[in-house]
Amino acid sequence: MPKVKLVLPSILACSGDKVREIEASTIRDVVEYLCSLRPDIKSRIISHDGEINTFLNFYVNGVNAYFIKGVETELKDGDEVSVIPALGGG
Amino acid sequence: MKEDITNPTHSFKDRAASVAISKALEFKLNAVGCASTGNLAAATAAHASRAGLPCYIFAPVGVEREKLSHALSYGARIVLVEGTYDEANWIASRFAEEHNVGIVNVNIRPYYVEGSKTLAFEICEQLGWRSPDHIIIPMASGALLNAIDKGLNELKTLGLIDGDVRISGVQPEGCSPIVSAYREGREYIKPVRDINTIAVSLAIGNPGDGVYALRTIHRTRGTAVSVTDQEILGAVRDLARLEGLFIEPGGAVTIAGLRKMVEERLIEKDEEIVCLLTGSGLKTPHIIQHYVPQPFIIKPSIGELKKMLEVEKLA
Ligand SMILES: Cc1ncc(COP(=O)(O)O)c(C=O)c1O
């Protein structure tokens, strides 16, 4: 599996590192990793139809994965995935 | 109409920025900032300068120049992101994570909302400590709509008002992810990226509080409508000509929305309705060119004045 750089917001990193390297071939793998970190908020990460909930945004090299292929967005070695909580305005 | 344009930077955002920045001082943060669709920029910058804190603003390149100049005048540093508000926002989030900076709509956001809710307090206060039947609110991220709901609920808990208030939201058609979800009966938001609206201050394609706004609208038996640029311009014009209020497009959507709700019979005849007007027209002066006649230019001569009056059939 490709090794990607995952950048987490403090609220998800808890006391661990905000930047970590994980193995993931799609955003779905990243989501599963997050769900294993924080099983308590799984339903907030993934909606009932299996898509990413917009409470969290996954930016792949600066582009919101929602606009690429959602959870099916493919990742390659060295990609940076930034997890950004939903934000208000504006 | 609840016009909220006489705050220090002429939009309701002063309420939010003033509380958030007071908290930033309490937390001893080194600097503050925000991601902005325009109005929050000037508000954050003004309150930061009063607090003596450096201010960093992230905005999409499409934000009106007047609003940027306004923020710049307070000494803010502005970073224009070649993309949408949502892209400016993720850059701001990363900036907040990596530096000890209070970004008012990111890491000190709970306080931002505490500021916005005072608008609900003021509406009830000005009505003589009672609530209206219905409040119509402009929506970008949906934060203000929920803040109004929070304010009303607090007054109710305190026993200062009673009765239920319908809460409705309006978005510009060219950026209406919350209204689309409402219309399609969805409980979740589909973010939009192709945004095209004259109400630039409401151009948020991925509304962070959208889901909560939907719930609030449903819970209070409110409604949600979107309005076209033409309808928004009509509202801006009518507010000025009929009420003497010069309001920016983002703040005037509520009047266009009200008109639509009446046409679609979403409003009862005897309802007492408050429409929020959240930003001043002086912030978007260029838009009036769409509907006002050009001024007359004459030589300083009475003859020329008379000629002009004849053309205008005023003589
Ligand atoms: C004039 C004006 N009205 C209303 C809003 C409401 O925005 P939100 O729904 O993000 O709280 C904004 C936000 O930028 C605004 O500038």
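Which residues have the most contacts inside the largest nonpolar core? They are B:V170, B:I232, B:I247 and B:V253, in a core of 43 residues.

## Basis of the model

This is a predicted model, in which local features need pLDDT of at least 70 and side-chain atom pairs count only at pLDDT 80 or more, while totals for chains, interfaces and linings use all residues. Residues are numbered from 1 along each chain as its sequence is written, chains are lettered from A and ligands numbered from 1 in the order in which they are written, and side-chain values use heavy atoms, with hydrogens and water left out.

## Nonpolar cores of chain B

A nonpolar core is a set of buried Ala, Val, Leu, Ile, Met, Phe, Trp, Tyr and Cys residues joined through side-chain atoms within 4.5 Å. Buried means under 20% relative accessible area, exposed over 50%, and partly exposed in between, with a 1.4 Å probe and protein chains only. The largest core has 43 residues. Two or more of its residues come from each of β2 (31-35), α4 (85-98), β5 (101-103), β8 (224-227), α10 (229-243), α11 (249-263) and β9 (273-277) of chain B. Of these elements, α4(B) gives the most, with six residues. Helices (H or I, at least four residues) and strands (E, at least two) are DSSP runs, numbered from the N terminus. Domain 1 (14-109) and domain 2 (117-291) of chain B each supply at least three residues to this core.

Contact means heavy atoms within 4.5 Å. With neighbours within four places in sequence left aside, B:V170 is in contact with B:I136, B:I137, B:P138, B:M139, B:V225, B:V227, B:V253, B:T254, B:G257 and B:M261. There is also a second, separate core of 28 residues, which includes B:L119, B:V165, B:I178 and B:I189. In soluble globular proteins, nonpolar side chains tend to be buried together.

## Domains of chain B

The domain assignment divides chain B into domain 1 (14-109) and domain 2 (117-291); such bounds come from an automatic or database domain assignment. The C-alpha centres of the two domains are 23 Å apart. Across the boundary, 14 residues of domain 1 are in contact with 17 residues of domain 2.

B:K117 is in the loop between α5 (109-116) and α6 of chain B. B:K117 counts as buried because its relative accessibility is 9%. Its side chain makes a polar contact of 2.5 Å with the side chain of B:E114. Beyond four places in sequence, B:K117 is in contact with B:A147, B:K150, B:G151 and B:E154. A polar contact is a pair of N or O atoms within 3.5 Å; within protein, one must be able to donate a hydrogen and the other to accept it, and residues adjacent in sequence count only if both atoms are side-chain atoms.

## Ligand site

The ligand lies between chains A and B. It is surrounded by 17 residues, the closest being B:N39, B:S141, B:G142, B:L144 and B:T278; a residue is near a molecule if one of its heavy atoms lies within 4 Å of it. An N or O atom in the side chain of B:S141 is 2.6 Å from an oxygen atom of the ligand. A polar side-chain atom of B:K13 lies 3.2 Å from a ligand oxygen atom, and for B:S201 a backbone N or O atom lies 3.2 Å from a ligand oxygen atom. Taken alone the ligand exposes 400 Å², and the protein buries 100% of that. Accessible areas come from the Shrake-Rupley method with a 1.4 Å probe; for residues, only the protein chains shown count as cover.

B:D209 sits in the loop between α8 (177-183) and α9 (210-219) of chain B. At 12% relative accessibility, this residue is classed as buried. Residues up to four places away in sequence aside, B:D209 touches A:G88, B:R109, B:S141, B:G142, B:A143 and B:N146.

## Other loop residues

A:L8 is in the loop between β1 (3-7) and α1 (10-13) of chain A. Its relative accessible area is 2%, so A:L8 is buried. Its contacts beyond four places in sequence include A:R20, A:L34, A:V83 and B:E97. A:L8 and A:R20 are twelve residues apart in sequence, with a C-alpha to C-alpha distance of 8.2 Å.

A:N61, in the loop between β3 (56-60) and β4 (63-64) of chain A, has a positive phi of about 45° although it is not a glycine. A:N61 is partly exposed, at 45% relative accessibility. B:R221, in the loop between α9 and β8 of chain B, is also a residue other than glycine with a positive phi, near 60°. B:R221 counts as exposed because its relative accessibility is 58%.
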